[in-house]
Amino acid sequence: MSGTFLGMPAAPPRGSGNLRGAESFPAAARTELANTQMRRNVGKATRTIRDKRVQVTGELPDWEQLRSAGAAIKRDVLSRLPELLEQFEQAVIARGGQVHWARDAAEANAIVTRLVKDTGADEALKVKSMATQEIGLNEHLATEGITAIETDLAELIVQLGEDRPSHILVPAIHRNRSEIREIFLRSMPGVDPDLDDDPTHLADAARRFLRERFVRARVAISGANFGVAETGTLSVVESEGNGRMCLTMPQTLITVMGLEKLIPTYADLEVFLQLLPRSSTGERMNPYTSMWTGVAPHDGPSEFHLVLLDNGRTATLADEVGREALHCIRCSACLNVCPVYERTGGHAYGSTYPGPIGAVLTPQLAGMDTGGSDPNSSLPYASSLCGACFDACPVKIDIPSLLVELRHQHVEEAHFSAEQLMMKAASAAMSTSGRWTAAQRAAQLGRLLGRGGRIRTLPPPGNAWTSARDLPVPPKQTFRQWWDSSEGRAAIDDAHREGGRR
Amino acid sequence: MNARDTVLSRVHDALAIAPPPAVRVPREYRRDRELPAEQKRELLVDRLEDYRATVHQCVAADAATTIAAALGDATRIGIPAALDRGWVAEFGGEVLVDSADIPAARLDELDGVVTGSAVACAETGTIFLDGFSDRGRRALTLVPDLHVCVVALSSVVAGVPEAVARLEPTRPTTLISGPSATSDIELDRVEGVHGPRTLHVVLVLDS
Ligand code: SF4
């Protein structure tokens, strides 16, 4: 290898980009919880996909063995990452591709921008991709005068609506048909003004809008679901055919791939092509999968560029426990079973990666480094730890344990455990009855802080507790005060009479 | 250090900070399965129809008639240069023989396309096209709205591992499982966004 290893290893730096929300999870979740339309849509979507997934995974007698194989292959990849990355790079180059390495979001954006500009185009077609969303590629291209056009129907809805995706798999699931119709009428150039809200007609409008662009496209940008180290093969899994269009019609194809997407051999696709579609959409197989190796003479793009992205992945790899999150194949099964995600939707997580895996991956990629005020430090608490995500994950990522580990790291990083201090204070208060009464009186002050029956923030150290959860407002009276009141005495007398009649 | 060397040395550092154990991959899932032809046929037809592809079954001698029927009222079709011309002998319309220099805009004028296939997977209803011989380049099976795909029963295998094992990694490969579809609007399935909206599979039983 050429990157010679010298001396003491240093912890790799965290990533940057769309990996941090503007506000903490509980604050963002409060806003989202009030959006009943979104909750209804997300609820319906997650229930439907959940049921389909259980049905088609139950069809395979060897489902558990496939999961074990998938988990082990990913673990194997991470343990041999340096050699596999170099093997992969060589294989892509040998087939006529060019490989670029990006340390972080800014570097990846700069590389892609230069490559697009080299083609002379000011427009680039895009296949839905988590990696390019993570680095904020579209926004960056816009500042450089290049228009990125999302070609996946849901991504197009999000883009035209100047909105954010709310789900990994169905990014526009928070929108219903009439909203989509309005977005198209408002923002889709050349749209039929008589367009109604029938999904078939809406899909058809997108087909017409994009067809002309596909045929004239000079350059397209994609992500990748898998990269095969042995052969240099890349793969994109999709449904609509927009992926096939982008991957084959333009002269130049640029693929941005997180370096954890590697799998060792072509034969390993046999595992992931079974795990991914069944976990993701609940289908036996997705309608279209494309696999390509470098440049194929007389078939598809004549120029192929691969951008290999770190952006916090090596920092995640340096954590013995947390690195398991790099096994993720972005199927979104964990989102669909998560009771917290089902109620808040994806926006509350503030990052490209929502749901249980996002709560783990986001703080690992980008860190929780500004203490209690970093929105990312609230993400490990955005879970009920019910374990449903672990059961659903096709590559057996133990998300609940990773969340607990991150909570631990967060508390360690904060130098003192705020929750521990709370507990110490509580046990001191409960140790004598006099103190307890005083504490209960003091707690009534909480009513001053609360609106709508919930306390929003407690003063430190209690804020570490309330930053991730609401506290019920204490009652107007303490229990003792109530017991001594005429109302209390009447209630107790009633209870005695009830008991006596039995 | 350039980005490549930096990233690679970060990977080394990460693994030095927390050394991973060597991993053995358990391969106890089903591989190398053989199924009787009749079972493969039934499974494949069931899966294809579940994806709303139309399946026509015939013997080789009737392939041309079946293909012509599957083409319906198409008047202009495209075929890969290596396609068995006998397959389109009963088709009365215009036939464009594809080559690499035909631009996508011309493919957009075609009503349909007829191709062969490399392998098909019964358990998932997936057909593999590999840009080789009579399978055609990728754009040909993508741009026209109707795809009539000929599958020989002898090329059908039981599951995904058996199918992947038959592929040639360097060929640009497309897996199709039914026509183009989306469920992006309120999870209602709509067929045909950007790829062919109609997929007809002609299953040739005795080839
Ligand atoms: S963590 Fe597992 S279940 Fe969640 S998206 Fe990733 S692979 Fe799927």
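This is a predicted model: local features need pLDDT of at least 70, side-chain atom pairs count only at pLDDT 80 or more; totals for chains, interfaces and linings use all residues.
Let me begin with B:Val148, whose place is in strand 7 of chain B, residues 146-152, where strands (E, at least two residues) and helices (H or I, at least four) are DSSP runs numbered from the N terminus. Residues are numbered from 1 along each chain as its sequence is written, chains are lettered from A and ligands numbered from 1 in the order in which they are written, and side-chain values use heavy atoms, with hydrogens and water left out.

Is B:Val148 buried or exposed? B:Val148 counts as buried because its relative accessibility is 0%, and here buried means under 20% relative accessible area, exposed over 50%, and partly exposed in between, with a 1.4 Å probe and protein chains only. Not counting residues up to four places away in sequence, B:Val148 touches several others, among them B:Ile67, B:Leu71, B:Val113 and B:Val202, a contact being heavy atoms within 4.5 Å.

Turning to chain A, we find 24 helices and 12 strands, and buried residues make up 58% of its 502 residues. One residue to look at is A:Lys74 in helix 3, residues 63-79, which is buried yet has no salt bridge, since-left aside, the nearest side chain of opposite charge being A:Glu260 at 7.1 Å. Lys and Arg count as positive here and Asp and Glu as negative, with His and the chain ends not counted, and a salt bridge is a side-chain nitrogen of Lys or Arg within 4 Å of a carboxyl oxygen of Asp or Glu. The side chain of A:Lys74 does, however, reach the backbone oxygen of A:Glu260 at 3.2 Å. Leaving aside neighbours within four places in sequence, A:Lys74 is in contact with residues including A:Glu260, A:Leu262, A:Phe272 and A:His327.

Now to the salt bridges themselves. Side chains of opposite charge can pair when their charged atoms come close. How many salt bridges are there over all chains? The count comes to 48, and I will pick out a few of them.

A:Asp76 forms one with A:Arg80, the closest N and O atoms being 2.9 Å apart; A:Asp76 counts as buried because its relative accessibility is 10%, whereas A:Arg80, with a relative accessible area of 27%, is partly exposed.

Another joins A:Arg177 and B:Glu186, with the closest N and O atoms 3.3 Å apart, and this pair crosses between chains, from helix 9 (residues 177-187) of chain A to the loop between strand 10 and strand 11 (190-191) of chain B.

Within chain B, B:Arg171 pairs with B:Asp130 at 3.0 Å between the closest N and O atoms. B:Arg171 lies in the loop between helix 5 and strand 9, and B:Asp130 in the loop between strand 6 and strand 7, so the pair ties together parts that are 41 residues apart in sequence.

There is also a network of salt bridges that links A:Glu59, A:Arg278, A:Arg284, B:Asp46, B:Arg47 and B:Asp50.

Finally, the largest pocket holds about 1,200 Å³ of space. On a 1 Å grid over the protein atoms alone, a pocket is an open set of points where a 1.4 Å probe fits, with protein on both sides within 12 Å along at least five of seven lines, and lining residues have an atom within 4 Å of a point. Its volume is the space filled by probe spheres set on the points, which are joined across faces, edges and corners. The largest pocket is lined by 49 residues, and A:Leu169, A:Ser239, A:Ser280, A:Thr281 and A:Glu283 lie nearest its centre. Which element gives the most to that lining? Helix 2 of chain A does, with 5 residues.

Key. A polar contact is a pair of N or O atoms within 3.5 Å; within protein, one must be able to donate a hydrogen and the other to accept it, and residues adjacent in sequence count only if both atoms are side-chain atoms.
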